[in-house]
Amino acid sequence: MTRKALEIAPLLRGLSFNGEKGDIVVFKERMDYAELTCKPDELADKFEKGMHSVLVEGVGGFLLGEDYDDAVNGTSNAPVLNGRAAVVSNKVCVVTGGAQGFGEGIVRELVKNGALVFIADMNVGGAQKLAIELNNEAGRTVAFGVSVNVTDEKSVEKMVAEIVEKVGGIDLFVSNAGVLKAGSVKEMTLKDFEFVTDVNYVGFFLCTKHVAPVMELMNKPQGNYFTDIISISSKSALEGSNKNGAYAGSKFGSVGLVQSFAKELVVDNTKVNTICPGNFFDGPLWSDPDRGLFVQYLNTGKVPGAKTVGDVRAFYEAQIPMGRGCDGEDVTRAILYTVEQKYETGQAVPVTGGQVMLN
Ligand SMILES: NC(=O)c1ccc[n+]([C@@H]2O[C@H](COP(=O)([O-])OP(=O)(O)OC[C@H]3O[C@@H](n4cnc5c(N)ncnc54)[C@H](O)[C@@H]3O)[C@@H](O)[C@H]2O)c1
C-alpha cells in the first residue's frame with residue numbers, strides 16, 4: 001500500500017462519518033468498476049455518503065461498508081446494539097498485548113460490545129488463534145490477529161499500515177502490552193530496567209506516534225470525529241511499588257505522556273487517557289502454576305506464614321476493600337466510559353476495588 005493510499009483510507013473513513021463512526025474502508029490495489037472514480041484532489045468534493053466503492057486514479061480502489069463483511073461481500077449480519085455497547089459497536093479497536101491476560105479480557109469484552117478488534121501481539125500465533133475463535137463464535141468478522149513488537153518502531157509502523165489497509169482507520173487504540181520485572185533497586189540490572197521501560201513507556205510513545213496521524217486524517221474532513229488512545233497503566237502508576245521501581249517508574253512515566261499527548265492531540269479530537277487497574281489475580285502473571293507471582297511469593301516466603309498458593313492469594317485479596325482482584329470486564333467498563341465521555345481527556349482512571357484512591 002502506497003503512502004498516498006495510507007492517507008486516503010482514513011480520509012474516506014472520515015468523509016463517511018455519521019456522527020458516531022465512519023465506514024470500514026478496505027483497500028484494493030486493483031478495481032475495474034467503482035461508483036466513484038476521481039483524482040486524489042477531487043475526492044472530498046465528489047464523495048457522497050452511502051457509496052460502496054471508490055476508485056482513486058493512480059492510488060487504487062476502496063470498498064466501503066457498515067462493517068467488514070458489508071465492505072468485502074456486501075452482506076452484514078451485525079447485531080444492533082444499544083446503550084453503552086453502541087459506544088464501540090462497529091468501531092475499529094486495537095489492543096496491544098491482546099493475546100492473553102488483561103488484553104485478552106479487553107478484546108473479548110470489546111467484541112461482545114460489537115467492536116471490530118485487532119489483536120496486536122508479539123505472540124502472533126496466540127493473537128490469530130483468539131481471532132479465529134471469536135470470528136467462529138460470532139459468525140461474522142469481528143477480529144484479526146496482527147503481529148507487533150511495540151518496542152520496535154518499524155514493527156509498530158507496519159502494524160498501523162496493515163490495519164489501515166484492511167479497514168481504513170483506528171477509532172480506539174488500547175496500549176496494553178506491558179511487562180513486569182520486580183527487584184530491589186540495589187540489585188536490578190540495567191538490562192532488566194531498560195527492558196521494562198522499553199515495553200511499558202517507550203512502546204506507548206511509539207504506538208501513539210504512529211496512530212495519532214491516522215486519527216488526525218479521520219477527523220480532518222468533518223472536524224467532529226472523536227477517537228481515543230488509552231494506555232493500560234496500573235495502580236502502580238499512582239502509588240510507588242516496593243522493590244518494583246522499574247515497573248512503577250514506567251507506569252508513572254506513561255501518565256506524563258498521557259497528559260502531554262492529550263494536550264497536543266485535542267486539536268484532532270483525539271482523547272488520550274489511562275486506566276489504572278488493580279491486580280488481575282486470575283491472569284497468567286499471578287496465577288501461572290509454574291512462574292506466576294503467587295507461586296514465586298510462596299517459594300520466596302514473601303508472605304509471612306503462607307503455606308499454600310491460596311494463603312498468598314488471600315493475603316493480597318485482603319488488601320483490597322472490595323475483596324477481589326480486577327479483571328478484563330472491570331477494565332473494559334472504564335474503557336467504555338472513557339470513549340463515551342466526550343468532555344474529558346488526559347485522565348488517569350483507577351479501577352482498583354478501592355485499593356488506591358485519588359487525592
Ligand atoms: N496482571 C496484573 O495484575 C496487572 C495489574 C495492573 C496493570 N497491568 C497491566 O496490564 C497490562 C497487561 O498485563 P498482563 O498481566 O495481562 O500481561 P501478560 O503478561 O499476561 O500479557 C502481556 C501480553 O503482551 C504481549 N507482549 C509483551 N511484550 C510485548 C511487546 N514488546 N510487543 C507486543 N506485545 C507484547 C505478550 O505476548 C502477552 O500476550 C500490562 O500493561 C500490565 O502492566 C497488569
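I take a polar contact to be a pair of N or O atoms within 3.5 Å. The model I am reading is predicted.

I started at D121. An N or O atom of the D121 side chain sits 2.6 Å from an oxygen atom of the ligand. Next I looked up N149. Here a ligand nitrogen atom lies 3.0 Å from an N or O atom of the side chain. I then checked the cover. On its own the ligand has 840 Å² of accessible area, and the protein covers 90% of that.

**Entry: the shell**

I looked up which elements give two or more residues to the shell, and found α4 (101–112), α8 (245–265) and α9 (284–287). The largest share is from α9, with three residues. In total, 26 residues surround the ligand. I noted Q100, F102, D121, Y247 and F280 as the closest. By class, I read 13 nonpolar, eleven polar and two charged residues in the shell. I also checked domains. Domain 2 (79–278 + 331–359) and domain 3 (280–319) each supply at least three residues to the shell.

**Entry: K21**

I moved on to K21, in the loop between α1 (3–15) and β1 (24–28). Is K21 buried or exposed? Its relative accessible area is 9%, so K21 is buried, the cut-off being under 20%. I then listed its contacts, leaving aside neighbours within four places in sequence. K21 touches R13, S16, E66, S89, N90, K91 and Y225.

Terms used
Residues numbered from 1 in each chain as written. Predicted model: local features only at pLDDT ≥ 70, side-chain atom pairs only at ≥ 80, totals over all residues. Heavy atoms only, no water. Near = heavy atom within 4 Å. Polar contact = N/O pair within 3.5 Å; in protein donor to acceptor, adjacent residues only side chain to side chain. Areas by Shrake-Rupley, 256 points an atom, 1.4 Å probe, with all protein chains shown as cover. Helix = DSSP H or I, 4+ residues; strand = E, 2+ residues; numbered from the N terminus. Nonpolar A, V, L, I, M, F, W, Y, C, P; charged D, E, K, R; others polar. Domains from an automatic or database assignment. Buried < 20%, exposed > 50% of the residue type's maximum accessible area, 1.4 Å probe, protein only. Contact = heavy atoms within 4.5 Å.
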